[in-house]
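Here is a briefing on one structure.

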Amino acid sequence: GEIVLVVIGILIALQINNWNEIRKQRDKELHYLVNIKKDLNLNIKELDKYIAVRAKAIASANTIIEHYEGKPITDLKTFSQHTVDIYTWRKFFQINNTFQELTNSGNLTLISNDSIKGILLNMETLYKVMKYEEEHFRYDAEVLLYEPSYKVLDLNPVVKKYTYQVSKGQAGEDVELPRANFELMLKDLSQKNGFVMASYEFSFMNNQLEGMKSKCKDLIELINQEIK
């Protein structure tokens, strides 16, 4: 009888220890899920910012193309702003610090919900596709926009004027823009093709950003259900 009681006591102790370990693992999982949700909300804000900036760039590219196809330039300042909207594009970097911590530490297995884990992995795949598209446009921009513009456009007054405008007069200089240079630029088919590709590829990249934003929202909903 005493042996039986000792065995039962050991089994109970082991079970309690097992329950404690499961609870600790669950606490870690919930901690990661809460932090992933924070990252996702920050990522959505970043996505919205880039979607808006690239939508503006698409509109600028389409306006510039109209001038290549015969529309006269009546406002050099506005035309110059449109070109700089394309020249100064930036790459998107997602906010996924918690996911990186999970993968680098080998703790991704802590995420027990397969749907959550699946969307996290799908988002990483989508992000890699997005970076490839950005690199593709970077190449197009260098060949079709940057190199040709350096040959015909004096960027010094353009940069001074743009800086003056965006800083509301706090920096840069309100200089006269080189109309002759812009007119020469409009005769360059290479640069026109660059703006055509900017309109097309920014539209494609914005669709990718919208797709990532949708995944972020789906993931937040799943996490909310999991941590209730």
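Leaving aside neighbours within four places in sequence, K161 is in contact with K77, E173, D174, V175 and L177; contact means heavy atoms within 4.5 Å. This is a predicted model: local features need pLDDT of at least 70, side-chain atom pairs count only at pLDDT 80 or more, and totals for chains, interfaces and linings use all residues. Residues are numbered from 1 along each chain as its sequence is written, and side-chain values use heavy atoms, with hydrogens and water left out.

- K161 lies in helix 5, residues 155-166. Helices are DSSP runs (H or I, at least four residues), numbered from the N terminus.
- K161 is buried, at a relative accessible area of 13%. Buried means under 20% relative accessible area, exposed means over 50%, and partly exposed is in between (1.4 Å probe, protein chains only).
- K168 sits in the loop between helix 5 and helix 6. Its phi is positive, about 55°, although K168 is not a glycine.
- K168 counts as exposed, with 74% relative accessibility.

**Aromatic pairs**

- A search of the whole structure gives nine aromatic pairs. Rings of Phe, Tyr and Trp (its six-membered ring) pair if their centres lie within 6.5 Å; planes under 30 degrees apart count as stacked, over 60 as edge-to-face and the rest as tilted.
- One of the pairs is F79 with F182. The geometry is edge-to-face, with 5.3 Å centre to centre and 85° between the planes.
- F79 belongs to helix 2 (residues 76-87) and F182 to helix 6 (residues 179-185), so this pair ties together parts 103 residues apart in sequence.
- Both partners are buried: F79 has a relative accessible area of 1%, and F182 is at 0%.
- F137 and F202 make a tilted pair, at 4.8 Å centre to centre and 50° between the planes.
- F137 is in helix 4 (residues 114-152) and F202 in helix 7 (residues 189-227), so the pair links parts that are 65 residues apart in sequence.
- F137 and F202 are buried.

**Aromatic cluster and a charge over a ring**

- Y68, Y87, Y146 and F195 form one aromatic cluster.
- K131 lies over the face of F93, 4.0 Å from the ring centre. A charge sits over a ring if NZ of Lys or CZ of Arg is within 6 Å of the ring centre and within 35 degrees of the ring normal.

**Helix 2 against helix 7**

- Helix 2 and helix 7 pack at an angle of about 65°, and their axes are 11 Å apart. Axes are lines fitted to C-alpha atoms, for helices over the stretch in contact, and angles run from 0 to 180 degrees between N-to-C directions.
- The crossing of these two helices is left-handed. That term applies if the near helix is turned anticlockwise from the far one by less than a right angle; clockwise is right-handed.
- Helix 2 contributes T83, I86 and Y87 to the contact, and helix 7 contributes Q191, F195, A198 and F202.
- The contact residues divide into five nonpolar, two polar and no charged. Ala, Val, Leu, Ile, Met, Phe, Trp, Tyr, Cys and Pro count as nonpolar, Asp, Glu, Lys and Arg as charged, and the others, Gly among them, as polar.

**Buried E226**

- E226 lies in helix 7. It is buried, with a relative accessible area of 18%.
- Beyond neighbours within four places in sequence, E226 is in contact with R26, E29, L30, L33, S112, N113 and I116.
- E226 and I116 are 110 residues apart along the chain, and their C-alpha atoms are separated by 9.2 Å.

**Buried L108**

- L108 is in the loop between helix 3 (97-105) and helix 4. Its relative accessible area is 17%, so L108 is buried.
- Not counting residues up to four places away in sequence, L108 touches F99, L102, T103, K117 and L121.

**Buried H67**

- H67 is found in helix 1, residues 2-68. At 11% relative accessibility, H67 counts as buried.
- Leaving aside neighbours within four places in sequence, H67 is in contact with P72, I73, F79 and L186.
- H67 and E183 are 9.7 Å apart in space, C-alpha to C-alpha, and 116 residues apart in sequence.
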